Amino acid sequence: MRETAVGLAEWEKGFMKITYIHHSSFLVETETKYLLFDYYEGRIPELEKDKPLFVFASHRHGDHFSPVIFELAKTHPEVTYILSSDIWRVRIPEDLQEQTVSMKSHTELEICEGLMVKTLKSTDEGVAFFVTCDGYRIYHAGDLNNWYWEGEPDTWNEKMERVYRAEIGRISDETADAAFIPLDPRQGEAFYLGIHQFMQYSDAKHIFPMHCWGDFSVIERIKEMPCSESYRDRIADIREDGQAFEI
């Protein structure tokens, strides 16, 4: 997947490489930084030591956060942790607390030059991240999704949809260069709602399904649905852990 890059603000885009690691974890590499999202297991590509590493965790669920991320500070010379506030500081090693930023929902912080982070409130736990890095805009949903479940009362599912639409509506004026969004086969016929409604309320140039629990067939399923006609070509064909894409 390639496209002509357009500079944003004072930053001129160079390249962005995205590696799918496992489940909801991705490594994003720009010309000057690494961003690692929701890592708990899987093979992390070899990292250049002269690029700072920023490690994001959207919430405390075991399939999105593991204390193993703190081991990265032993091998990489410059690591900053950006964690949802539901990951209690008692779980953060004392010697890394000054390298750790805790973010609540609906906040915005400049982490360093060229890296801005704002958060949305998850419909489950923690936050979603909307990151501007070296001119690129990157959205990682965490567990922010329309968690419509068959068997739940209609009132519950209707409220879930209202809350989800309202939350992603907060970034309706943004176009993500890359958006990482749940596509969960456990939701049955409602599996596609998170991506579809995101594209109704916001926008993304490249969509990376995640939270598929290893069932990548859902990617082809959403592409075959008539409702995805306007954006199906933007959906990445993830087929295995370790797959890399360059934008």
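Me: Two strands pair if DSSP finds at least two bridges between them, and the elements themselves are DSSP runs numbered from the N terminus (helices H or I, at least four residues; strands E, at least two). What makes strand 4 and strand 5 a pair?

Reply: Strand 4 (residues 53-57) and strand 5 (residues 79-84) share five bridges, and the rule asks for at least two, so they qualify. Their pairing is parallel, and F56 has I82 in strand 5 as its bridge partner. Before we go on, a note: this is a predicted model, where local features need pLDDT of at least 70 and side-chain atom pairs count only at pLDDT 80 or more, while totals for chains, interfaces and linings use all residues. Residues are numbered from 1 along each chain as its sequence is written, and side-chain values use heavy atoms, leaving out hydrogens and water.

Me: Happy with that! Which strands are the edges of the seven-stranded sheet, and what makes them edges?

Reply: The order in this open, mixed sheet is 6-5-4-3-2-1-13. Strand 6 (100-103) and strand 13 (244-246) each have a single partner strand, so one side of each has no neighbour in the sheet. From one strand to the next, the twist averages 15 degrees.

Me: And what makes strand 9 and strand 10 a pair?

Reply: Again five bridges, between residues 127-133 and residues 136-140, here in the antiparallel sense. F129 stands opposite H140 in strand 10.

Me: How would you class the angle at which helix 1 and helix 2 pack?

Reply: Helix 1 (residues 154-168) and helix 2 (residues 193-201) meet at about 45 degrees, their axes 9 Å apart. That makes helix 1 oblique to helix 2, because under 35 degrees would be roughly parallel, over 145 roughly antiparallel, 65 to 115 roughly perpendicular, and the rest is oblique. The axes are lines fitted to C-alpha atoms over the stretch in contact, with angles from 0 to 180 degrees between N-to-C directions.

Me: Which residues of helix 1 are in contact with helix 2?

Reply: With contact meaning heavy atoms within 4.5 Å, E161, Y164, R165 and I168 meet L193, G194, Q197, F198, Q200 and Y201.

Me: Last one, about charges: how do you know that K51 lies over the face of Y34?

Reply: The rule wants NZ of Lys or CZ of Arg within 6 Å of the ring centre and within 35 degrees of the ring normal. K51 is 5.4 Å from the ring centre of Y34 and lies over its face. K118 likewise lies over the face of F130, at 5.5 Å from the ring centre.
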